[in-house]
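Please keep the sequence and the structure in view while reading.

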Amino acid sequence: MTFALPRNIQLKLEQTLAQWPQWHCAPALSSAPELVRILTPGISNFSVLVQAEQHFVVRIDGLKASTHGISRQTEWRTLEAAHRAGLAPAPRYCNPELGSLVCDYLAPDE
């Protein structure tokens with residue numbers, strides 16, 4: 001099944017991707033990430049797979065994120081701690097105003 005992003009989410013994705021020079025990557029990205037595919041939407045957010053030198057997941061708040069108590073800043077801090085403990089992918093960028101968060105993509109186990 002193919003999913004399309006609502007226009008407001010598409011705009012937030014475009015803004016998040018345009019901010020790629022601020023993503024916390026080592027080494028720094030040398031080019032803008034490009035859309036690979038839209039992942040299955042969740043209850044509170046949309047997730048998109050993008051690629052530059054590696055794959056990343058961009059999570060963007062859905063239309064009613066506040067009703068689900070979603071805080072990308074809290075998610076960022078939690079991901080940082082979980083990553084340091086070796087339990088989660090590295091968070092790379094967070095923009096609370098857009099409701100977006102970028103982290104490394106972990107391919108599913110096959």
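## Nonpolar cores

Which residues have the most contacts inside the largest nonpolar core? They are Leu 13, Trp 23, Val 50, Phe 56 and Val 58, in a core of 16 residues; a nonpolar core is here a set of buried Ala, Val, Leu, Ile, Met, Phe, Trp, Tyr and Cys residues joined through side-chain atoms within 4.5 Å. The elements that contribute two or more residues to this core are α1 (7–18), β2 (45–51) and β3 (55–61). A second, separate core has 9 residues, among them Trp 76, Ala 82, Ala 88 and Cys 103.

Val 58 is in contact (heavy atoms within 4.5 Å) with Leu 13, Leu 17, Trp 23, Val 50 and Val 102, among others, when residues up to four places away in sequence are not counted.

## Basis of the model

This is a predicted model, in which local features need pLDDT of at least 70 and side-chain atom pairs count only at pLDDT 80 or more, whereas totals for chains, interfaces and linings use all residues. Residues are numbered from 1 along each chain as its sequence is written, and side-chain values use heavy atoms, with hydrogens and water left out.

## Overall fold

The protein has 2 helices and 5 strands, taken as DSSP runs numbered from the N terminus (helices H or I, at least four residues; strands E, at least two), and their pattern along the sequence is α-β-β-β-α-β-β. The radius of gyration, taken over C-alpha atoms, is 13 Å, which agrees with the value near 13 Å for a compact globule of 110 residues; the globule rule is 2.2 Å times the number of residues to the power 0.38.

Of the 110 residues, 40% are buried, where buried means under 20% relative accessible area, exposed over 50%, and partly exposed in between (1.4 Å probe, protein chains only). Among contacts between residues at least 6 apart in sequence, 45% join residues at least 24 apart.

## Arg 92 and the cysteines

Arg 92 is located in strand β4 (residues 91–95) and counts as buried, at 16% relative accessibility. Leaving aside residues up to four places away in sequence, the contacts of Arg 92 include Trp 23, Phe 56, Trp 76, Cys 103 and Asp 104.

Cys 103 is likewise buried, with a relative accessible area of 7%. The structure holds 0 disulfides, a disulfide being a pair of cysteine sulfur atoms within 2.5 Å.
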